[in-house]
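Work through the following exercises with the sequence and the model side by side. Each task is followed by a solution that goes step by step.

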Amino acid sequence: MTETPTLRFHNTLTRTKEDFAPIDRENVRMYVCGPTVYDYAHIGNARPAIVFDVLFRLLRHVYGPDHVTYVRNITDVDDKINARALRDHPNLPLNDAIAEVTSRTAEQYMTDVTALGCLEPTVQPRATAHIAGMVGMIQTLIERGHAYLAEGKEGREVLFSVGSMPSYGKLSNRKLEDQQAGARVAIEAHKKNPADFVLWKESAADEPGWEGAFSEGGKAVAIHGRPGWHIECSVMSEAHLGETFDIHGGGLDLIFPHHENEIAQSTCAHGNSRMANVWMHNGFLQVEGQKMSKSLGNFYTIAQLLETETFAGRKWPGEVLRLAMLMTHYREPIDFSAKRLEEAERMLAKWPAGGDASAGVHPSVIAALADDLNTVAAIQALHHLATSGAPEFAASAALLGVLPAQVEVNDDLAKAVGALVDMRLEMIKAKNWGDADKIRDDLAAKGIQLKDGKDPETGERTTTWEMKR
């Protein structure tokens, strides 16, 4: 491996740009908050997917693909999911309706971000597969004096006691006393502090739930319920990355309360000072200078931009959407506009279509990305490589994910992959999701990326594939 460049990232926790030093160079670990699968992802959701995909690619380039673990969760238990399931599938039992909504939406999300050039994360855990871990962490918080049981408006709850944590608010730079004095948080009689938040809440008869066994003051309490939002990420990150890991990412809107509460839960449960060493957050997105909202008529899903003519009267290729996103630094607000997309499209038209990656990545591109993921400077360097005919262009473009490096595919490999793709389609028809996912994951490990779609005439699922370096 070539000499490791010095990576420097802006850390939200310390509000400074710092040299990046992984806990273990043999296993660099990153967690990014993924989708809540109740509806198709919108263009604002595309930004963190793209930003942290570039970071994933950079870490893989620097430390080696086998030495980076990227976890992006899927939140598949949430009150919004319940509401959507009841709306869309009123004739199905609730659990079946929820399964329909979450499987369809998660599948669409993967299709969307794949079209945007994103690599598949190392692990994509689902919240519903980690319920036992959540119950266990909540019980630990009770035992350590950081959580308590209470009778809420809609049944019994377990709440986190923010007053038990002196450093609460450090990530968002919010003092608890200031929150109490000026917050518009309704003071609820069952809370010790208005800012206390739910770890577990009781489920009504028509709501999904799991058995939560808790003990407080020697008294055992069983609550058939479901987890709060924040506890899910604390448990999933620990399960796949350990108690403390290298990087935690997400959108700026997640700093408070979500990430603040993740830190509170994790550090108080484990008795340590940090959940993640580096916290990175991408900026907000506007559409043509306005906040995106359905009421303004400027709310667009990724699928709409890719597949329909709803934005500026046309469809937009995934590589254009990706490049347009990367033309603004990840920490800056971005104005998503037709003008910016057209600029990205014109730039791509001047670049070679892939090419031989054997010349490696140009140092100018590495230097730009190493400086707090400066994709603006990296794209400028990439454009110079393209227009000057530099041999490093192909690998440099592939590192940014804007163009794939070409890989020769022989007939035997094409037949073998084709057979596996057909087998996976049959498994999906039979709703054998586990084996279907295993085929996809096994192929991804070999550098073969599957892209799911639909036949425009029949509506049937189709799958294409390509080699990735």
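Which residues does the UniProt annotation "short sequence motif: 'HIGH' region" cover? According to the unreviewed UniProt entry, that annotation covers residues 35-45; UniProt positions are given in the numbering used here, feature names are shortened, and annotations may be inferred rather than shown by experiment. In the model, the end C-alpha atoms of residues 35-45 lie 8 Å apart, and the span is 27% helix and 0% strand.

This is a predicted model, in which local features need pLDDT of at least 70 and side-chain atom pairs count only at pLDDT 80 or more, whereas totals for chains, interfaces and linings use all residues. Residues are numbered from 1 along each chain as its sequence is written, and side-chain values use heavy atoms, with hydrogens and water left out.

**Exercise 1.** Determine the strand order of the open four-stranded sheet and state what packs on it.

*Solution.* Begin with the elements, which are DSSP runs numbered from the N terminus (helices H or I, at least four residues; strands E, at least two), and count two strands as paired if DSSP finds at least two bridges between them. The order is then S4-S3-S10-S11, with parallel pairing. Strand S4 (68-72) and strand S11 (276-282) each have a single partner strand, so one side of each is left without a neighbour in the sheet. Neighbouring strands are turned by 20 degrees against each other on average, direction ignored, where axes are lines fitted to C-alpha atoms (for helices over the stretch in contact) and angles run from 0 to 180 degrees between N-to-C directions. Next, helix H1 (residues 43-63) packs on this sheet and touches S3 (28-32), S4, S10 and S11, its direction making about 175 degrees with that of S3; contact means heavy atoms within 4.5 Å. Finally, S10 (residues 245-251) pairs with S11 over six bridges, and Gly251 stands opposite Asn282 in S11.

**Exercise 2.** Describe the hairpin of S1 and S2.

*Solution.* Strand S1 (residues 8-11) and strand S2 (residues 16-19) run antiparallel and are joined by four bridges, with Thr16 as the bridge partner of Asn11. Four residues lie between the strands, and Arg15 takes a positive phi near 60 degrees.

**Exercise 3.** Characterise how H12 and H13 pack.

*Solution.* First, helix H12 (residues 375-388) and helix H13 (residues 393-400) pack at an angle of about 155 degrees, with their axes 10 Å apart. The two helices are therefore roughly antiparallel, a label for angles over 145 degrees. Then list the contact residues: those of H12 include Ile379 and Leu382, and those of H13 include Phe393 and Leu400.

Technical notes
Parallel < 35°, antiparallel > 145°, perpendicular 65-115°, else oblique.
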